[in-house]
Protein chains: 2
Amino acid sequence: MGRRYDPERRQRIIDAATAVVRERGIVGLGHRAVAAAADVPLGSTTYHFATLDDLLIAALRQINAEWLAEVKRWAEGVDPAAPPADELARWLEEQLTGDRARMELEYELYFAALRHEGLRPLAAECLDETARLLTRLVPDAATARAVVALMDGLTLQVLLADRPYDREDIRAALARIMGGNGANGSTAG
Amino acid sequence: MGRRYDPERRQRIIDAATAVVRERGIVGLGHRAVAAAADVPLGSTTYHFATLDDLLIAALRQINAEWLAEVKRWAEGVDPAAPPADELARWLEEQLTGDRARMELEYELYFAALRHEGLRPLAAECLDETARLLTRLVPDAATARAVVALMDGLTLQVLLADRPYDREDIRAALARIMGGNGANGSTAG
DNA sequence: CATCGTTGTGTACACTCGTACGCATGGGAT
DNA sequence: ATCCCATGCGTACGAGTGTACACAACGATG
């Protein structure tokens, strides 16, 4: 019926592809690199994914799904009564200091979508879904989108300029953009 | 003394390189593509730029300088008495609708900096300089950085999700993050 | 048990790329 | 006028790529 020998083969290849993208970037994604990482022969990658684009999309889809799951997990677990800017600033810090590679991955996706039309829906979904998950914490949808934009921009600054993460500054900015005054946090400066 | 035959040759190559990046992205940058675009022989590009990296850096340096000049021109021309959020929102709209390719170029630079260490200073300079130029319009440096972040994030959303530019939403978000209330604009919704 | 088709593999081909290198060219010094 | 060398060019080479394709292995079907 299904694949006979190695039903997980396809998934392993996708996992390997995400690992390759993580380590070498999208430009480093190639059949051979993936095959080596997945410990499968070269022909296996071309068998499961006719073209390299398919493989790229599959990998980025998974990266995206993982990321959104992470966001969802956090967003649904956060206390709605707590000052949202505080929570957001702390969470972002955890992401940036903890698993920086994952964030880089997500921005790889964004930038790839800039040129690769087939990736736009994925990037758009990521943006929309993140904003949707944030609506619990902010007044309205437009604000949620603005918050997403701010976080993306801040992340970019940390990632690109190796700037240290200043939680208080960021908390204040988030608080302002959420429409409240910046002083309702725990330790207003 | 200097180059004898074609003193502008080097500059023409850089111009061609930026054109190539504009049209095909950084991945599309190659000696042959640049040579064709500049209408010079292949050997000429390798003569003036020993390695492809040199060429890429030269191109992105120029792209960056052009962009910063554009920002500077605008920032110094804007009326400091006018509501800054209005001005910013309008200007950003002009950039996004008018010369979208240039913005994509700037984000190409960001993208490259994510993986290419030698480009980080360039990206950092872009971020810092933009923030510095904005200090005329905002209360302090931290706010300027936040404004830059917000604009970057918003731009990303427009570019990636093909979302229409909603000037009023963006004006409101900018106004909030600048520390004033969002209602001091001209046409608060 | 024989046959067939699905699944998986190894190899080879056509192609592009960055770069090196030998050769042309023409101005400046003597 | 002659020589020299910085400048510029065309080509060729080795490496690496995506993909096609012929073959192997193995379960299902009669």
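**Domain and chain interfaces in a predicted model**

**View 1. The two domains of chain A.** The C-alpha centres of domain 1 of chain A and domain 2 of chain A are 29 Å apart. The assignment, taken from an automatic or database source, places domain 1 at 1–50 and domain 2 at 61–183 of chain A. This is a predicted model, in which local features need pLDDT of at least 70 and side-chain atom pairs count only at pLDDT 80 or more, while totals for chains, interfaces and linings use all residues. Residues are numbered from 1 along each chain as its sequence is written, chains are lettered from A and ligands numbered from 1 in the order in which they are written, and side-chain values use heavy atoms, with hydrogens and water left out.

**View 2. The contact surface between the domains of chain A.** Eight residues of domain 1 of chain A are in contact (heavy atoms within 4.5 Å) with eight residues of domain 2 of chain A. About 640 Å² is buried between these domains, and carbon and sulfur atoms give 59% of that area. Buried area is the accessible area (1.4 Å probe) that two parts lose on being put together, summed over both. On the side of domain 1, Thr18(A), Arg22(A) and Ile26(A) lose the most area to domain 2, together 68% of what that side buries.

**View 3. The salt bridge between the domains of chain A.** One salt bridge (a side-chain nitrogen of Lys or Arg within 4 Å of a carboxyl oxygen of Asp or Glu) is found across the interface of domain 1 and domain 2 of chain A. Arg22(A) forms a salt bridge with Asp99(A), with the closest N and O atoms 4.0 Å apart.

View 4. The contact takes 41 residues from chain A and 42 residues from chain B. Together the chains bury about 3500 Å², 62% of it on carbon and sulfur atoms. In chain A, the residues that lose the most area to chain B are Leu114(A), Arg115(A) and Leu160(A), together 21% of what that side buries.

View 5. Eight salt bridges are counted between the chains. In the one formed by Arg163(A) and Asp128(B), the closest N and O atoms are 2.9 Å apart. Among the helices (DSSP runs of H or I, at least four residues, numbered from the N terminus), H8(A) gives the most to the side of chain A that touches chain B, with 15 residues.

Conventions. Helix = DSSP H or I, 4+ residues; strand = E, 2+ residues; numbered from the N terminus.
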